[in-house]
Amino acid sequence: MSERGYGSCAKYIQRRGEIDRVGEHLASLGASALVIVDPFIDETYGARVDASIAAAGVAVQRVIFGGECWEGEVDRIVAAAGDSRPATIAGIGGGKTLDTAKLVAAELDARILCFATVASTDAPTSGLAMRYFEDGRTDRPIFLTRHPDMVIVDPELVVRAPVRFLIAGIGDALSTWYEARSNRDSRSKNYIAGGQGMPLAGMAIARACHEALMRDARGAVAAAREGLVTPAVENIIEANTLLSGLGFENCGCSAAHGIHNGLSILPGCHSKLHGEKVAFGTLCLLVLEDRPQAELDEVFAFCEDMGLPTTLEAMGLGSATREDLLRASEAALNPGEATHATDAELTPEGILASLLAVDAMGRARLARG
Ligand SMILES: [Zn+2]
């Protein structure tokens with residue numbers, strides 16, 4: 001495969017105290033901005049954000065995020081902008097707030113600033129937005145014509161958020177290398193410019209993501225639990241946000257995300273975060289691809305140390321029937337699902353077998369202690 005494509009956000013900044021520099025960053029992108037803020041973040045940090053905006057002299061309209069990234073919310077915010085034509089749309093919050101900001105920016109042809117207040121997914125850096133329906137069911141990914149102009153993460157905010165978000169981000173980042181390898185082996189296209197061959201840079205980043213997780217995730221979670229910012233925490237924030245984001249976009253997703261999407265049709269796992277479900281999907285991917293037991297053992301041990309789910313029970317699916325799981329397996333193979341980039345023979349029965357095999361191994365390991 002000779003053609004290849006690479007895409008990324010234009011600038012990434014990860015620094016303590018960045019919440020006090022929002023105004024400065026907005027000013028570097030243009031004279032006016034519409035800022036979409038998560039309601040909890042607005043309550044907690046709103047005064048500091050306002051102070052930095054006032055100091056920078058940017059004309060800012062602020063909108064509180066309604067809680068779901070869906071068409072109606074995007075329309076509401078576009079209408080709120082009226083004829084003001086802001087130079088930049090900024091999102092300050094979690095993945096859904098940032099994805100909404102990207103979609104609003106696409107409507108208004110504005111620049112994009114993503115300020116991530118948690119490190120729970122790799123959404124911030126990507127040039128796509130996951131859209132949902134008002135009730136929280138997945139609608140579809142929207143591929144944008146531009147990437148975020150600036151992605152900012154403040155580690156102080158990340159460690160003040162519940163540690164479960166950081167752990168979920170680790171689960172999402174865990175899939176990056178394994179799914180990149182699937183895409184390389186199946187010679188699938190990435191998500192750049194309508195689908196290009198995978199660049200060497202993509203694989204190098206996915207590998208760096210994996211190495212950071214294996215080296216630093218355990219220490220990072222221990223420190224973050226105490227609200228501490230250590231080098232391990234900073235490495236994991238970068239792995240979860242930048243490395244995982246660039247890795248999945250430039251290499252592609254496979255069955256870890258496809259099985260996540262399939263399982264998401266079952267209400268039992270609706271209380272689980274994206275990365276928690278993706279971690280379980282990663283274990284299923286390794287079974288589907290017939291990877292060596294030593295590799296499975298390594299990933300199981302990692303998930304157990306992190307507190308990421310390794311059984312159906314832990315996924316909230318303890319009472320799911322075989323029929324439920326078969327329906328989810330079929331959904332994982334819907335046309336266009338990332339599962340198809342997996343380098344394996346793919347049938348609903350095979351997916352179901354991988355779910356049950358991971359569950360059996362996970363339960364056996366827990367019983368052994
Ligand atoms: Zn993901």
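Domain bounds here come from an automatic or database domain assignment.

**View 1. Two domains make up the picture.** Welcome to a predicted model, where local features need pLDDT of at least 70, side-chain atom pairs count only at pLDDT 80 or more, and totals for chains, interfaces and linings use all residues. Residues are numbered from 1 along each chain as its sequence is written, and side-chain values use heavy atoms, leaving out hydrogens and water. Look for domain 1 at 12-159 and domain 2 at 162-368. Their C-alpha centres lie 26 Å apart.

**View 2. Here domain 1 meets domain 2.** In this contact (heavy atoms within 4.5 Å), domain 1 takes part with 20 residues and domain 2 with 23 residues. Together they bury about 1,900 Å², 64% of it on carbon and sulfur atoms; buried area is the accessible area (1.4 Å probe) that two parts lose on being put together, summed over both. Of the area that domain 1 buries against domain 2, Ala119, Asp122 and Val159 supply 30%, more than any other three residues.

**View 3. Polar contacts join the two domains.** Eight residue pairs, both at pLDDT 80 or more, are in polar contact between domain 1 and domain 2. Such a contact is a pair of N or O atoms within 3.5 Å; within protein, one must be able to donate a hydrogen and the other to accept it, and residues adjacent in sequence count only if both atoms are side-chain atoms.

**View 4. Strand E1 and helix H5 face domain 2.** E1 (12-14) and H5 (155-160) each supply at least two residues to this side of domain 1. Both are DSSP runs, numbered from the N terminus (helices H or I, at least four residues; strands E, at least two). H5 gives the most, with four residues.
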